Amino acid sequence: MRPLLSLLLAAVLCSADSIPAKDRILLLISLDGFGADVLADPHMPVPNLRRLASEGAVASRMTTSNPTVTWPNHTTMVTGVYAAEHGVLYNGLLVRGGPGKPVHVEPWRDKSELVRVPTIYDLAHQAGLTTAEVDWVAIQNAPTITWSFAERPDPKARIPRELVEAGVISAPDVAAFHKHPITWRDQIWTQAASYMIEKHRPNLLLFHLLNTDTVQHRYGPRTLAAASALSLADARVGDLLRALERAGILDRATIFVVADHGFKQVTHNIKPNALLRREGLLRAAGGEIHCDAYVVPEGGTAMVYVTAAGGKAPLLRKLKEIFGRLEAVAGIFEPKDYEAMGFPDPVRNGQMADLVLAAKAGYSFTAAHDGMRYSSPGATASGAARAWTAPATSISRPPSRGCSA
Ligand SMILES: [Zn+2]
């Protein structure tokens, strides 16, 4: 994803021969979980993406970064560096519960707490350009974003109020936004982005759709449901192209369509916390968990934390021994391995785990601590498919006038 940032920076910051940067727009569209294999299928109905591809350039795949989940990979896209440097390891901030308590992930934290390096929108803002985001991640309350319609929009914020005034959305629907179906939220996010394009003309707009991810988690990749969701996302891209046309700026727009990861089908979930419980390292009673170690799943990988007070070395030896016995675990990685994998040193980033587990093909991890070590996801279970290191999509369409940088 590093080359992607170079392209984005050149597109948003450089001066074209005849169009000043302030009169141009870079639209970065992320279709969550849109695997590169989808475009290779000639019978996938995505006419807008095909049109963009035929007018622009297509990469056969994007290389994902670790951990291969949504927020770390989106942050890599806008920073050009791995989690080792940008610091985002989860879809939120890892918070420690104290000695003997599990760790947990809190999503609604400010960008300043999550992202440790400058982003493309920071640089654009610094260069005097305007910036906007719709449903982007790890970006809450970023002071360098000019206009925002967030994943959970703030009813008091400027753009949500303008959209209520324009009749795009009602005030009660803004207030209860996150409770509504993801298909509807994708539509409103698209309308919000279209409104910003026509009304405010930001120089940089970061846009993210989620239904493609939700559907593939629930029904699995390469299903009719997944194809329908991917095709619907293509229609939303078409909506944005028409907004650029209506605004009269399509000829000065640079459009990138990208994805954060693809999907792989799994047949079983691994439950490392259930194993910890069987080994007496995790105890659950009265809705409370007390533990010497705790595992946070991230699809095909899992992050292992020693939570007991005192020296870690004997516990780490035991954890490696018990997870090493699981035939579905392909590898156990330690801090000495992290640099090569793009993970941070735990000394520099307190969110980083003591060990990382990798699953064999066909398996993913779950946080459940009850029952046996494994479970089979049902057809409609949320564990039917998990994000993993499948290649992601990348299409770019330059403006009709080239950029000279
Ligand atoms: Zn994602």
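Of the protein's 405 residues, buried ones make up 47%; buried here takes 20 or more other C-beta atoms within 10 Å of a residue's own, exposed takes 12 or fewer, partly exposed is in between, and the C-beta atoms are placed from the backbone. Keep in mind that this is a predicted model: local features need pLDDT of at least 70 and side-chain atom pairs count only at pLDDT 80 or more, while totals for chains, interfaces and linings use all residues. Numbering starts from 1 along each chain as its sequence is written.

Switch to cartoon and you have 15 helices and 20 strands to look at. Two residues are in contact when their C-beta atoms, placed from the backbone, lie within 7 Å. Among contacts with a separation of 6 or more, 72% link residues 24 or more positions apart.

**Stop one: the core**

Select L27, I29, L205 and V304. They have the most contacts inside the largest nonpolar core, which has 104 residues. Such a core is a set of buried Ala, Val, Leu, Ile, Met, Phe, Trp, Tyr and Cys residues joined through C-beta atoms within 7 Å. Which helix gives the most to this core? That's α12, with 8 residues. At least three core residues come from each of domain 1 (2-81 + 117-263 + 388-397) and domain 2 (268-381), with bounds from an automatic or database domain assignment.

Now zoom in on L27. Setting aside neighbours within four places in sequence, L27 is in contact with L205, F207, L240, A253 and I255.

**Stop two: α11 against α12**

Next, select residues 211-219 (α11) and 224-246 (α12): these helices pack at about 180°, with axes 9 Å apart. Axes are lines fitted to C-alpha atoms, for helices over the stretch in contact, and angles run from 0 to 180 degrees between N-to-C directions.

Show side chains for N211, T212, V215, Q216 and Y219 on α11, then A225, A226, A229, L230, L232 and A233 on α12, and you have the contact. By class it has 8 nonpolar, 3 polar and no charged residues; Ala, Val, Leu, Ile, Met, Phe, Trp, Tyr, Cys and Pro count as nonpolar, Asp, Glu, Lys and Arg as charged, and the others, Gly among them, as polar. The buried residues of α11 are N211, T212, D213, V215, Q216 and H217.

Step past the end of α11 to G220, with a positive phi near 95°. In the loop between α11 and α12 you'll also find R222, a non-glycine with a positive phi of about 55°. R222 is partly exposed, with 16 other C-beta atoms within 10 Å.

**Stop three: α3 on α12**

P47, N48 and L49 of α3 meet D234, V237, G238 and L241 of α12.

**Last stop: two loops**

Where is P67? Look in the loop between β2 (57-62) and α4 (70-79). The peptide bond from N66 to P67 is cis, with omega near -10°.

Finish at N141, in the loop between β5 (131-134) and β6 (147-149). N141 has a positive phi near 55° without being glycine, and counts as partly exposed with 13 C-beta neighbours inside 10 Å.

Definitions and conventions
Helix = DSSP H or I, 4+ residues; strand = E, 2+ residues; numbered from the N terminus.
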